[in-house]
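User: I'd like to learn how to read a structure like this one, feature by feature. Can you walk me through it?

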Amino acid sequence: MTRPHLFAPLTLRGLTLKNRIVVSPMCQYKALDGATHDWHFLHHAKFAMGGVGLGIVEATAVAREGRITHGCTGLYLDEHVPGLARIAALYHAWGAAAGIQIGHAGRRASCARPWEGAAPLANGGPDAAWQTVGPSAVPEKDGYPAPRALELDEIPAIIDAFVAAAKRALLAGFDVAEIHGAHGYLIHSFFSPVSNRRTDAYGGTLEKRMRFPLEVAEALRAVWPEEKPLFYRASVMDGIEGGTTTEDTVALARELKARGVDVVDCSMGGMSGAATLSTRKISQGFQVPLAEQVRREAGIATMAVGAIMEPAYAESVLAEGRADLIALGRELLANPSWAYNAALELGLDDPYDVLPMEYSFYLSRRAKALGAD
């Protein structure tokens, strides 16, 4: 029997993933001054034991002021390394690769947690606001506080913070680093003309708006080992008037590839509100066409993400060459054993082998007793 594409290994540089199923980075908002604890470990344990090929830890700030909320994870202190190392080791123990997404929230920092409204924080109290920064003093929405426009001589220090975070990620044992260049956060805000009104070397033309994202990518590729893949999450289109287009992101993806980025993780939106809290109606795989276009026109591997729920649909995306990896978020929250269910549905020769032996032993025996195997 032909092996399903979803369970075919994928080699990226010196790393071979056992399958194409990826845990999308999902912010938990449970960290304490950036530090992970048991919640994060248990969150990832379900997925590691569920048979994924790669698990990516949530958006992790390169600076304290770069957190989205007070509950966001960080890699701005050496003290953050042990907790994250525990998660990386967990994935490795179950045969999966471990990744981490690093970023800076920019003008979308200093916000309340989603279930508290996600609005900008007020001054005072235990969860007090802090000054946000961006390429220009353009607020995310009318009535929101404007970020402080970064001075030209401040930009190198932020790039240095990305480098320092990447080095800590290496100490923690991660196999993949993903640059967060989407959802209205700092890197994306430099790329989008909606938020970038600069007239210097970092703003104006598409080439100048690409400069900061590309400098971050170059700096990380210089310290991230040659054998380890580097991902980049992009909002492929802003989806609002005057925002970036898929053609803009294709151009960026070509330049990212030339600088050693291996995979573009294709999302969208976030320039005028949290992409994950959008109330607009969506359909399964609504962002897959974006991954397909970037893959085809930029000649780079892509990861599809966004309401991918059915194994047969995920398989078709890979079989048709529309993406190289399938990232799942909320579907894994609902069903941490999604990979096992996919193996059963798609007819993998030994679907029970997807799970740990302590589970597969009993499930395979049950199937035989029921005459299903």
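Predicted model: local features only at pLDDT ≥ 70, side-chain atom pairs only at ≥ 80, totals over all residues.

User: Is Thr69 buried or exposed?

Analyst: Buried means under 20% relative accessible area. Thr69 has a relative accessible area of 1%, so it counts as buried. Its side chain also reaches the backbone nitrogen of Gly71, at 2.9 Å.

User: Now the strands. How many strands are in the closed barrel?

Analyst: The general idea is that strands of a sheet pair through backbone hydrogen bonds, either parallel or antiparallel. Here, eight strands form a closed barrel with parallel pairing, in the order β3-β4-β5-β8-β9-β10-β11-β12. Ignoring direction, neighbouring strands of this sheet are turned by 25 degrees against each other on average.

User: Let's zoom in on β8. How many of the residues of strand β8 are buried?

Analyst: Six of the six residues of β8 (residues 176-181) are buried, so the strand is largely enclosed by the rest of the structure. Val176, Glu178 and His180 point one way from β8, while Ala177, Ile179 and Gly181 point the other way.

User: Which strands does β8 pair with?

Analyst: Strand β5 (residues 97-103) pairs with β8 in the parallel sense over four bridges. As an example, the bridge partner of Ile102 in β8 is Ile179. Five bridges join β8 to strand β9 (residues 230-235), and these two also run parallel. There, Ala177 stands opposite Leu230 in β9.

User: How many bridges pair β10 with β11?

Analyst: Strand β10 (residues 263-267) and strand β11 (residues 301-305) pair over four bridges, again in the parallel sense. In β11, Ala301 is the bridge partner of Val263.

User: What about helices? How do I describe two that pack together?

Analyst: Two packed helices are described by the angle between their axes and the distance between the axes. Take helix α9 (residues 311-319) and helix α11 (residues 338-346): their axes come within 9 Å and cross at roughly 80 degrees. Angles of 65 to 115 degrees count as roughly perpendicular, and that makes α9 roughly perpendicular to α11.

User: Which residues make the contact?

Analyst: From α9 they are Pro311, Ala312, Ala314 and Glu315, and from α11 they are Trp338, Ala342, Glu345 and Leu346. Sorted by type, this contact has six nonpolar residues, no polar ones and two charged ones.

User: Which residues of α9 are buried, and what do they pack against?

Analyst: The buried residues in α9 are Pro311, Tyr313, Ala314, Glu315, Val317 and Leu318. They pack against α8 (288-298), β11, β12 (325-328) and α11. Just after α9, Gly321 takes a positive phi of about 70 degrees.

User: Last one: where does Leu206 lie, and what does it touch?

Analyst: Leu206 lies in helix α5 (residues 206-209) and is buried, with a relative accessible area of 17%. Not counting residues up to four places away in sequence, Leu206 touches Phe191, Asp248 and Ala251. The C-alpha atoms of Leu206 and Phe47 are separated by 39 Å, and these residues are 159 residues apart along the chain.

Key:
Residues numbered from 1 in each chain as written. Heavy atoms only, no water. Pairing = 2+ DSSP bridges. Axes fitted to C-alpha atoms, helices over the stretch in contact; angles between N-to-C directions. Parallel < 35°, antiparallel > 145°, perpendicular 65-115°, else oblique. Contact = heavy atoms within 4.5 Å. Nonpolar A, V, L, I, M, F, W, Y, C, P; charged D, E, K, R; others polar. Buried < 20%, exposed > 50% of the residue type's maximum accessible area, 1.4 Å probe, protein only. Polar contact = N/O pair within 3.5 Å; in protein donor to acceptor, adjacent residues only side chain to side chain.
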